[in-house]
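Me: Can you walk me through this one? Keep it short.

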Amino acid sequence: MQSLSVCVYCGARPGADPVFEQSATDLGKALAAARLRLVYGAGDVGLMGAVARAAQAAGGQTFGVIPAHLMAWEVGKRDLTTFVVTETMHERKKVMFMNADTVVVLPGGAGSLDELFEVLTWRQLGLHDKPIYLLDIAGYWQPLIALIDHVIAQGFADASLRDFITVLPDVPALMERLTG
Ligand code: AMP
């Protein structure tokens, strides 16, 4: 039987604080130890590369999806357990999401935000009920959480929007949720 798959959205860069890359490494290792399959964007750069290398090194299953036009830019990681090349970014996001049971968001940039908001708005529309975990490493996502609260307070979303995201401080807290 296929084990549970965890889709990780995260930066294609390492970010300013070394704790971000450390958390990505910890996450990859922890997913492998828990026999959870990593689904991600198949790049070998930034936090994406860190989470995948750690999962692989610990013997975990990895499923990566990358659009052809990003193969060079994001250094497509061909040695994953499953490596899928799509024509477009939209296909990539769809294939990643369809092959995952749970979504985890580590620190990242505009691409990670796009991915988060896509699954969040789909959830708001009732198109899926997959859990969305926001890993607030070193408080990175606090401004985003404040913005979402602001959107709700100003009447542009139901309060339930906030409930669709579970904010957790670090990888151990996440693993407790995923395996507890
Ligand atoms: P970033 O968080 O900006 O470092 O990007 C993280 C990942 O999101 C990378 O694999 C990007 O290719 C991807 N990405 C960038 N732009 C988009 C987009 N418009 N939609 C979905 N993913 C994107």
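Reply: First, a term. Helices (H or I, at least four residues) and strands (E, at least two) are DSSP runs, numbered from the N terminus. This is a predicted model: local features need pLDDT of at least 70, side-chain atom pairs need 80 or more, and totals for chains, interfaces and linings use all residues. Residues are numbered from 1 along each chain as its sequence is written, and side-chain values use heavy atoms, without hydrogens or water.

Me: OK. How many residues surround the ligand?

Reply: 16 residues do. Near means a heavy atom within 4 Å. The closest are Ala-12, Glu-74, Gly-109, Ser-112 and Asp-114.

Me: How far is the polar side-chain atom of Glu-74 from an oxygen atom of the ligand?

Reply: For Glu-74 the distance is 2.4 Å. A polar contact pairs N or O atoms within 3.5 Å.

Me: And Ser-112? How far is its polar side-chain atom from a ligand oxygen atom?

Reply: 2.7 Å for Ser-112. Arg-92 also has a polar side-chain atom by a ligand oxygen atom, at 3.1 Å.

Me: Which helices supply at least two residues of the shell around the ligand?

Reply: α3 (89-98) and α4 (110-124) each do. The largest share comes from α4, with five residues.

Me: New topic. What's the volume of the largest pocket?

Reply: About 370 Å³. A pocket is an open set of points on a 1 Å grid over the protein atoms alone, with protein on both sides within 12 Å along at least five of seven lines; in a cavity, a 1.4 Å probe fits but cannot get out; lining residues have an atom within 4 Å of a point.

Me: Which of the lining residues are closest to the centre of the largest pocket?

Reply: Ala-12, Met-48, Glu-74, Arg-92 and Gly-111, out of 22 lining residues. Ala-12 and Glu-74 are also among the closest around the ligand.

Me: Where does the largest share of that pocket lining come from?

Reply: From α4, with five residues. β1 (5-9), α3 and α4 each supply at least two residues of that lining.

Me: How many cavities of 30 Å³ or more are there?

Reply: The count comes to one. About 30 Å³ of space lies in the largest cavity.

Me: Which residues line the largest cavity?

Reply: Leu-134, Ile-145, Ile-148, Arg-162, Ile-165 and Val-167.

Me: And which elements supply at least two residues of the lining there?

Reply: The helix α5 (142-153) and the strand β7 (165-168) each do.

Me: Back to α4. What should I jot down?

Reply: Two things. α4 gives five residues to the shell around the ligand. α4 also gives five to the lining of the largest pocket.

Conventions. Polar contact = N/O pair within 3.5 Å; in protein donor to acceptor, adjacent residues only side chain to side chain. Points joined across faces, edges and corners; volume = space filled by probe spheres on them.
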